[in-house]
Amino acid sequence: MSAPATAKQSRGLGVRCEELVHIYRTGDVDVVAVRGVDLVVRAGERVALLGPSGSGKSTLLGMLGGLIPPSAGRLWIGDEETGGLSERALLGLRAQRIGFVLQGAARNLLQYGTPIDNVRFAHRSVRRSARRDLMEPRELLDVVGLGPVADRPVPSLAGGEQQRVALAVAVANGPGLLLADEPTSQLDTAGRDAVLDLLDLVNERFGTTVIVVTHDADVGARLGRTVSMRYGRVGNEGDRGQQYTVVGKDGSVHLPDDVVAEWPPGTHVLVERTEDGVHMRRRPT
Amino acid sequence: MTSLRLALKGLRWRAGSSLAVLLVAVAAVGGAALGPMYAHSAEESLVRDGLAQAPTVTTSVQYRGGVAGQTQFTPIEIRDAVEQQAADPALDPWYLTGTLAMSVVNGSPATADGALGSAQVSWYRGQCEAVIILAGQCPRGPGEAMLSARTADQAGVGLGEQVRLGITADPAQDQATVVGLYDAASADPAVWGLGTPQQFRTAAIEGQPDRLDEVLVDEATMSGISGDVSVSSLRQLDAQSVGLSGVDAMRAAVETATAIPNPDDISGARTVATSGLPAFLDSLQPQVDSMRAATVAVTLQLVLLAWFVLFLLVSATSEERAGEIALAKLRGMTPRSTVSFGLAEPVLLLLVAVPIGLALAWLADVFLARAYLGAGTDVAVTPVALIAAIATCLGGALAAALAARGILTAPVLEQLRRTSGRRARLLRSSAVDAMAVALAVAGIYQLRRGSTDGLALLAPGLIALAAGLLAARALPRLARIAVSRTRTSSSVASFIAVRNIARRPSGLRIVVLLTLAIGIAVFAIDGWFVASANRDQLARAQVGSATVLTVSTDSPGALLAAVDEVDPDGNAALAAVTVSNGDGGLIAVDASRLAAVSSWDPTWAGNTPTGIGSTLHPPSPSPSIAVQGGLTADVTLDRRSGDARVLFAVAVRDARGVPHEIEAGELADGSQRVTADLPMCEDQPCTLTALTFRQPIEIPSTAVEADIGISAASDSLGPVDLAPVGAAGWRPGASSIQVPVDAGAAVASATAGTLGLQVSLDGPADAAVQVADHPDRLPVVQGSELAARPDTSTVVSGLDGRFVGIDVRGEGVLPRLLSQGTLTDLPYALAAMESAPGPFTAMVWLGASAPPDTVADLERAGLVVLGQETIASRSAELDRSSEALSLRLFVLAALLALALAAGTLLASAYVVTRRRGYELAALRALGASTRTLVGTGRTEQSLLAGTGVALGTAAGLWSASLAIPALLGASAAGGPPPWFGPAWVPVGVVVAGALALLLLVADAGSRRIARKAVPELLRQVQE
């Protein structure tokens, strides 16, 4: 896999969330999907958002991509706060600065086109004059190792190939931030590794910040930094193998699962400040 | 180019739905274009038919010049002037070369034995080739003449005989030798123009000369005389050369040719050119306008329907493409790019549909023109058709934009989750509903007022649309009620079906579409069949029997005799005569044959065919009394007072039906033998009609009262019984209307062979008794409009032009005269004649079962067939009237509407397969059987189709009940009582057929969706 000599890709974009909240209404009930998330992702960083179904990670990804407006809180993509942006400006953001990969490779692609057609389709969101700064579709597909299938109809490609095409399309306009929702689900190990290799390539060659939603802890480990979400909050963060619990602004702390198993909900805990830190112990019965 | 390629790939990827949209778009464009194209062809056919059927006198350009009043010009100078003016090249594109004729109208041919009669003496350019010469040759130079064979026979003149033409005072110029005999019936109208050489007519007044057929002479003869020669030329219209686009130019050329008096030409002779063409074209204009209005209305309805259909389909395809459009937004495309991407495929299909639709419309118009319009009717893609096609295309694109609007503005993730959100609520817009209902109400109001244009023509579509929209509002509410009821039902399919109806706008759109399409179809089919039945009835009334021959004959009596000779049983042919009068005309038919021969309908005048026969021809009080050769009788005059002289005359009717009165001499007091010579009764017996007594014209006159006895009557064959039925066989007066004026004679007694009369004479008035071989007053049926006149007379102008008393026995619609005029019995009308018949038109009506050689038999019997018309040909003409052509357009629209509706339903099944497949896949995953899944779709679609069909049928029938009386009212005026339907059978067939088709489509669609609904589909749905 060789890096393009003439590719002009944007530098990685950092992300900063402050107290991000998203509430949606279903029937007569308001559901808080994301509650007060504080998160900082540095430019060029690779981050995995982990968490069980319904933890709010995909909603958070949608907010980062400008697809879901935050109900409250502030969000910066690079130096730009997205809260005040119009729908048109958000479109512009997605056109050139944010690449988004939806869950399910097929949904990211025009099924009746080839990989080349799909990359060209993505280029349509960039002004004609600016397109010459982008890699040619075939060149891009060569870079990501999809040159041999560039002219084949999408439905004829294997699942892993389709997912890689989807990633290629997402970075076709040289975004500084790549957001991918479950890019490795429904793939076998080889397919998963190929996708992760591609994410590495995008991150390393283009400096693109990569944020991936995944259920797979191995994927998280491969990406480096993991952010775990539960009940709409960031609970833990891991960095190079070390897991940290994140203290919320309201002072709440998400306990690791093994601790919760020992201390079921409703357990009274005594928090004691000691010389070497803070200790928690169960209230004696 | 890349975008186009991608759009083409997308269309190929969705081949089924793309084809469906393309077909509907083609049908829509084709339908929209066909309206104006058909209208153009129909309008041309209307004009050409009108011109072709119009009398030559109306459409031709006539040039006349005469020596009368221009004595300074010779016939040659006038002929040259007329010929030069008639050679106007501006008329050449539409008019044939002019005829040229020189005539002396009132010639008086005579032989050495005496005058032959009065006759027109003429020369026609090309006359020798335009008639059949039966003997001798055509006049080739001065002093030669040719007579009709009939005239020669009548006058006893043969070839080689010398005649004086009676056209000039110069004996040298007036003398001619009969060199040829021609067949007067064979004259070619292309040479004779408006005239005919058949001019023979028995003199209307006793003692006056008969009118002879035309005497033909050479051009040199006419040029050389110094009498009053009239010169005429006629340029006949070649109706086949008239195209709609050239009508204005033709009119302008004719107006120019006839408006400017001919300036002095080489001879200085003045000529006059006239034509009825401009006025005739003006009279066609209302029909053309009516056709145009109908076209606009039909086309508008079709285009609106097409837009609606395109809206439905494009919104369905757009929803199917929601994921792709969401992808465009996900990639950050500008709204403009997204719209362009979203609409590229439907717009491409619409653009492709324009040429295909136009081509199909052209082909359809060619077919229609050949099948239903006049021969040679022009078929062209008119600018209006092109505009209609493009408007449909643009409207389709607008519909596509409206349909796609919701999808273009919906949140990306919502679209990707395939939830419907708040999209496509256009149809439920109260404003749209209110507008449709308001327009429908306005249309109904117009129809009730009897208007047949503007909103009234749109009313059927508007009513159906309003019904559909209201149904779309009501149906979800009803379905919600049904949901709670079906919840406890064991039928899962019913529950899901009504639930879908309650919550899905797309199904409601189908109801609107079906209501609209079925409404238009039912209206059109009902209207067509009702109007068609009325046209058939009108044709039957206008013609009278299956075939009607116009014939030439000497007299109504001769006609009656000829028909009786050919068809003695009275089952195949009937003699009929019409005469003009101020009351809409008189038609006299042989009533005893009406039932067997005519197309009489009981609705016309409230009588059965048999009944009308006996109504018009009741039994007469007395049989006819025949006399031959002469009548001799013993007459006794017994004065009771007065001594004035008394003259006695006998009135008879000869075999041709012509009345004669012969003076038998003056009666002396006492007994005497009196003979009336009846030379007209030598060869064939006459019918005794009256015995008349009068005083010689003496001043002062004196009164006489006497008893007169007549006995021992005899003719050349033997005794004549003057009282076959006693006194009842005679009645006072020579005619029915004289009775009140002149009741001076009465039959006092009548025994076998003897008449006893009481006669009272006072002044110049006659006293007469007539044979009561016909009713005293002529039994008649009057046209309803004549009967409704407040000043209805008790008399009618009879066959001889004299008034005859009538007994009105009914009123209604009469054959040929319709609501005008008077119908009576021909034998009785003949019997009521007192003098020779006036101008009349003789006809022979043939029944549908008349043998094929009847016409030849009639000609052998001495009748000359001048023309023929049939109910079928009249029906065909009426089928090309503006009303019929408009309704045919409605039928076309109806068929197209039905095709669009069925196509849309089928296309919807294809288009929504994937979308509905997700829902049914979920049901299948929950354990629902295929049968349940199919049943769900089938029940839902059947409910929607059934609702649409039921409402459409009701709306269509209601529209028809409002519109048909208004549409047919004007054209039915004066004709048979119109029938307003409904035409249950054809409407029932169409509705049942449409329902069956829709149910089949619903079933096929449901099976297809159920087959595609596999649980694997659900994997594509985002959590």
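The exercises below go through helix packing, the chain contact and the nonpolar cores of this predicted model.

**Exercise 1.** Work out how helix 5 and helix 6 of chain A run relative to each other.

*Solution.* Start with the geometry: helix 5 (residues 159-170) and helix 6 (residues 189-206) of chain A pack at an angle of about 15 degrees, and their axes are 9 Å apart. Angles under 35 degrees count as roughly parallel, so helix 5 and helix 6 of chain A are roughly parallel to each other. Their crossing is right-handed. Next, look at who meets whom: Gly159(A), Gly160(A), Gln163(A), Arg164(A) and Leu167(A) from helix 5 face Gly191(A), Ala194(A), Val195(A) and Leu198(A) from helix 6. Sort that contact by class and you get four nonpolar, four polar and one charged residues.

**Exercise 2.** Describe the side of chain A that touches chain B, and decide whether helix 3 of chain A is enclosed or open.

*Solution.* Count first: the contact takes 26 residues from chain A and 21 residues from chain B. Helix 2 (87-96) and helix 3 (115-123) of chain A each supply at least two residues of chain A's side, and the largest share, five residues, comes from helix 2. Chain A's side divides into 12 nonpolar, nine polar and five charged residues. As for helix 3 of chain A, nine of its nine residues are buried, so helix 3 is largely enclosed by the rest of the structure. Among those buried residues are Asp117(A), Arg120(A) and His123(A).

**Exercise 3.** Find the residues that touch the most other members of the largest nonpolar core.

*Solution.* This core has 188 residues, and the ones to pick are Val24(B), Leu310(B), Ala517(B) and Ala521(B). Take Val24(B) and skip its neighbours within four places in sequence: its contacts are Val309(B), Leu310(B), Leu313(B), Leu900(B), Gly903(B), Thr904(B) and Ala907(B). A second, separate core has 86 residues, including Leu39(A), Val227(A), Ala328(B) and Leu330(B).

Key. Residues numbered from 1 in each chain as written. Chains lettered and ligands numbered in written order. Predicted model: local features only at pLDDT ≥ 70, side-chain atom pairs only at ≥ 80, totals over all residues. Core = buried A, V, L, I, M, F, W, Y, C linked by C-beta atoms within 7 Å. Buried ≥ 20, exposed ≤ 12 C-beta atoms within 10 Å, placed from the backbone. Contact = placed C-beta atoms within 7 Å. Axes fitted to C-alpha atoms, helices over the stretch in contact; angles between N-to-C directions. Helix = DSSP H or I, 4+ residues; strand = E, 2+ residues; numbered from the N terminus. Parallel < 35°, antiparallel > 145°, perpendicular 65-115°, else oblique. Left-handed = near helix turned anticlockwise from the far one by under 90°. Nonpolar A, V, L, I, M, F, W, Y, C, P; charged D, E, K, R; others polar.
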